[in-house]
Amino acid sequence: MDLYGKTIQSLDRSLDYATLKNQTISNNIANADTPGYKAEAVSFKDTLQETMDMSFTSKRTNPKHLAFGSADGTSEFKVTKKEDTSYTNSGNNVDIDKEMSELADNQLYYQALVDRMSGKFNSLSKVIKGGN
């Protein structure tokens with residue numbers, strides 16, 4: 001029996017993605033003036049689908065334990081370098097305006113995920129407390 005289906009798992013993995021994307025974008029911004037630096041990007045769609053497709057059955061030592069499925073954490077998001085462009089004579093391909101825009105978008109996405117996760121846990125807390 002899943003309390004929320006795969007919602008909490010999906011939110012958790014999405015938060016992992018948003019955190020990694022934020023780190024990657026921040027790294028790109030920090031290296032905007034580094035000669036030869038190639039911007040990096042995080043792929044999400046394929047990894048999300050793999051995560052949604054995979055699950056395992058937990059070992060239950062008592063029949064009253066809740067069954068749950070979860071990603072085993074071995075699937076990582078893929079960080080790739082953007083090798084096909086160059087914006088400066090030094091070989092650097094970081095577009096600072098694009099990176100700042102992606103950072104703002106990612107921060108909004110992350111906050112929405114946190115709000116959604118908080119709502120799920122508040123609902124669970126209400127159920128445990130009996131509606132109080």
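Of the 132 residues in this chain, 26% count as buried, where buried means under 20% relative accessible area, exposed means over 50% and partly exposed falls in between, using a 1.4 Å probe and protein chains only. What you're looking at is a predicted model, so local features need pLDDT of at least 70 and side-chain atom pairs count only at pLDDT 80 or more, while totals for chains, interfaces and linings use all residues. Residues are numbered from 1 along each chain as its sequence is written, and side-chain values use heavy atoms, with hydrogens and water left out.

**The overall layout**

- The chain has 3 helices and 2 strands; these are DSSP runs numbered from the N terminus, with helices being H or I of at least four residues and strands being E of at least two.
- Follow the sequence along and you get the pattern α-β-α-β-α.
- Among contacts in the chain with a separation of 6 or more, 76% come from residues 24 or more positions apart, with contact meaning heavy atoms within 4.5 Å.

**How H1 and H3 pack**

- Two packed helices are described by the angle between their axes and the distance between the axes.
- For H1 and H3, the packing angle is about 155 degrees and the axes are 9 Å apart; axes here are lines fitted to C-alpha atoms, for helices over the stretch in contact, and angles run from 0 to 180 degrees between N-to-C directions.
- That makes H1 and H3 roughly antiparallel to each other, since angles over 145 degrees get that label, under 35 count as roughly parallel, 65 to 115 as roughly perpendicular and the rest as oblique.
- H1 passes H3 in a left-handed crossing, meaning that the near helix is turned anticlockwise from the far one by less than a right angle (clockwise would be right-handed).
- The residues of the contact of H1 with H3 split into 16 nonpolar, 8 polar and 6 charged. Nonpolar covers Ala, Val, Leu, Ile, Met, Phe, Trp, Tyr, Cys and Pro, charged covers Asp, Glu, Lys and Arg, and the others, Gly among them, are polar.

**The aromatic pair**

- Rings of Phe, Tyr and Trp (its six-membered ring) pair if their centres lie within 6.5 Å; planes under 30 degrees apart are stacked, over 60 edge-to-face and the rest tilted.
- By this rule the count comes to 1 aromatic pair.
- The pair is Tyr 17 with Tyr 109: the ring centres sit 6.2 Å apart and the planes are at 75 degrees, so it's edge-to-face.
- Tyr 17 belongs to helix H1 (residues 7-30) and Tyr 109 to helix H3 (residues 96-129), so the pair ties together parts that are 92 residues apart in sequence.
- Tyr 17 is buried at a relative accessible area of 9%, whereas Tyr 109 is partly exposed at 30%.

**Thr 7 and Lys 120**

- Thr 7 is in helix H1, and Lys 120 is in helix H3.
- These two are 113 residues apart in sequence, but their C-alpha atoms are 8.8 Å apart in space.
- Thr 7 is partly exposed, with a relative accessible area of 26%, while Lys 120 is buried at 14%.

**Two other buried residues**

- Thr 24, in helix H1, is buried with a relative accessible area of 6%.
- Setting aside neighbours within four places in sequence, Thr 24 is in contact with Glu 40, Ala 41, Val 42 and Val 79.
- Asn 92 sits in the loop between strand E2 (78-81) and H3, and at 2% relative accessibility Asn 92 counts as buried.
- Asn 92 and Tyr 37 are 55 residues apart along the chain, with their C-alpha atoms separated by 4.8 Å.
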